[in-house]
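Subject: Structure handover and findings

Dear colleague,

Please find the structure below, together with its sequence.

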Amino acid sequence: AAQLAAERLNLLHFAGIFAPVAGLRVAGIAELDANADFMLNPFSISSIRGRVKGSGLKVNYKSYQFQTLSDDHQNEKPLIIDFERSAGSNWNIRLSDFAAGTPLSVRIAGMAATIQPHADQYEISGNLKLSFEASGAAIMQSVPVRLKKPFDLPLEFSGRYSKSAAWQFELTSRRDEPGQRNDAAFDYNQIHIASRSPAVDLAGNGQGGKVTAAYKLQVPDVHISSGSVNIFSPQLVLSGETAINKDRAVSTTSSIDLDLSGAKLTANTVRIEANHLSAGYKVQIDRAGTRQVNGHVRFDGTQLTDTHNNIGLVKARGNIPLRFPAPIPAKMGIVEIEAVRNQNLDLGSIKAGVQQTASGLSFSGNLKSPLVPALSAKFSGETHLGSFEDHETRARFEIFYPETGPEIDLGKLLPAAAGFTFKGKLLEAGDLVVGKEG
């Protein structure tokens, strides 16, 4: 048996070791204590175990920063790495808790891994837990996010790295553990967001200049509120794929789909419920960094009620293509509403074409009334979307009733007009402007 010990190794003296990894900087003091059992004839190491203790440790890799923790009295806690290789060739490694400070403040706890060397590749598997603490200030400098309550996310990981430089990596969330802090709550600017613990699945592989990745995020019981606006989704599901190939003209292709089926929105006296609601996009980036994004928003079985104006939309459905940047309009989409109601009156159905423009959305369509089949009601216009709070819709409408049309019982349209009828030609046109002030 043999013992190896080293005290107070200044990691800055080993900068040359880390130099081949561009953007990696390591600083701190390390101590090593290890024991090994070996045989002389033939020479072989039967087992080895040891501990590395790091003090004042700081690791920076590009925009990421990792460092040791401090206790409640601001006394530094060293980073401890225990390693062991017993009979066989597998290495077991366990790390004490440490912190990631940039770009996201998080504690990395209970990290343990097993490394399995093979003739042609290395395999690694293990687990860890990401612990987020409540923050009074923004946890990311570039994004104004504030955590409102502590939150834990346990993860499992595995990977392979071959001698041909091919690699594969998988990361998945573990099931809820007893005593785990499952609920998440945070603020983004003036938007409040809360949910149950998410399920995460990430898989990637690559070799040379080629990388592919697939990912899925499932978040149950999502609550979003801002002022008088409240949104609830029983489950948010985000899934996507990304492919990077530096040898191609279009070097990066990425697609993402978001499903918010069952979502409900309330804003003052307005309530919207969507049985099916989804959005998706595909982004392409060429070697010069130019981006082209094509997407869509789809909904079906959507209901809207406005108790203040006594208006309701029943069974709305639509498919709206989108593109960014949008100097060239996107493809024409369609929105259909089975019934438009005012109080208890069915005004009719709407079918409209909708198209994204550089400044917002343009639309044109018609309304057909079951009460007055001969009536023609057409409309067109554009909605300018400066921001969520700053928007304006300008519409032009035209109502026409032919002279040869049957007599209209006005009492069917307006109870107060019971007993009155209309016969003759009608042509009415006008403009309507609706902004953030109404």
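A residue is called buried under 20% relative accessible area, exposed over 50%, and partly exposed in between, with a 1.4 Å probe and protein chains only. Tyr-122 has a relative accessibility of 44% and therefore counts as partly exposed.

Please note that this is a predicted model, in which local features need pLDDT of at least 70 and side-chain atom pairs count only at pLDDT 80 or more, while totals for chains, interfaces and linings use all residues. Residues are numbered from 1 along each chain as its sequence is written, and side-chain values use heavy atoms, with hydrogens and water left out.

Overall composition

Of its 438 residues, 27% count as buried. Among contacts (heavy atoms within 4.5 Å) with a separation of 6 or more, 46% are between residues 24 or more positions apart. The protein exposes about 27000 Å², of which carbon and sulfur atoms supply 56%; accessible areas come from the Shrake-Rupley method with a 1.4 Å probe, and for residues only the protein chains shown count as cover.

Nonpolar cores

A nonpolar core is a set of buried Ala, Val, Leu, Ile, Met, Phe, Trp, Tyr and Cys residues joined through side-chain atoms within 4.5 Å. The largest one has 19 residues, and Leu-130, Phe-132, Leu-153 and Leu-155 touch the most other members. Two or more residues each are given to this core by strand 9 (98–102), strand 10 (106–117), strand 11 and strand 13. Strand 13 provides the largest share, four residues. Beyond its neighbours within four places in sequence, Leu-155 is in contact with residues including Leu-128, Leu-130 and Leu-171. A second, separate core of ten residues includes Phe-299, Val-335, Ile-337 and Val-340.

Aromatic residues

The structure holds five aromatic pairs. Rings of Phe, Tyr and Trp (its six-membered ring) pair if their centres lie within 6.5 Å; planes under 30 degrees apart count as stacked, over 60 as edge-to-face and the rest as tilted. One of the pairs, Phe-132 with Phe-151, is stacked, at 5.7 Å centre to centre and 20° between the planes. This pair links distant parts of the chain, with Phe-132 in strand 11 (residues 121–132) and Phe-151 in strand 13 (residues 151–162), 19 residues apart. Phe-132 is buried, because its relative accessible area is 10%, and Phe-151 is buried with 8%.

Individual residues

Where does Asn-189 lie? Asn-189 is in the loop between strand 15 (184–188) and strand 16 (191–195). Its phi is near 55°, a positive value in a residue other than glycine. Asp-221 likewise has a positive phi near 55°, and is found in strand 18 (residues 210–226). Asp-221 counts as partly exposed, because its relative accessibility is 32%.

Yours sincerely
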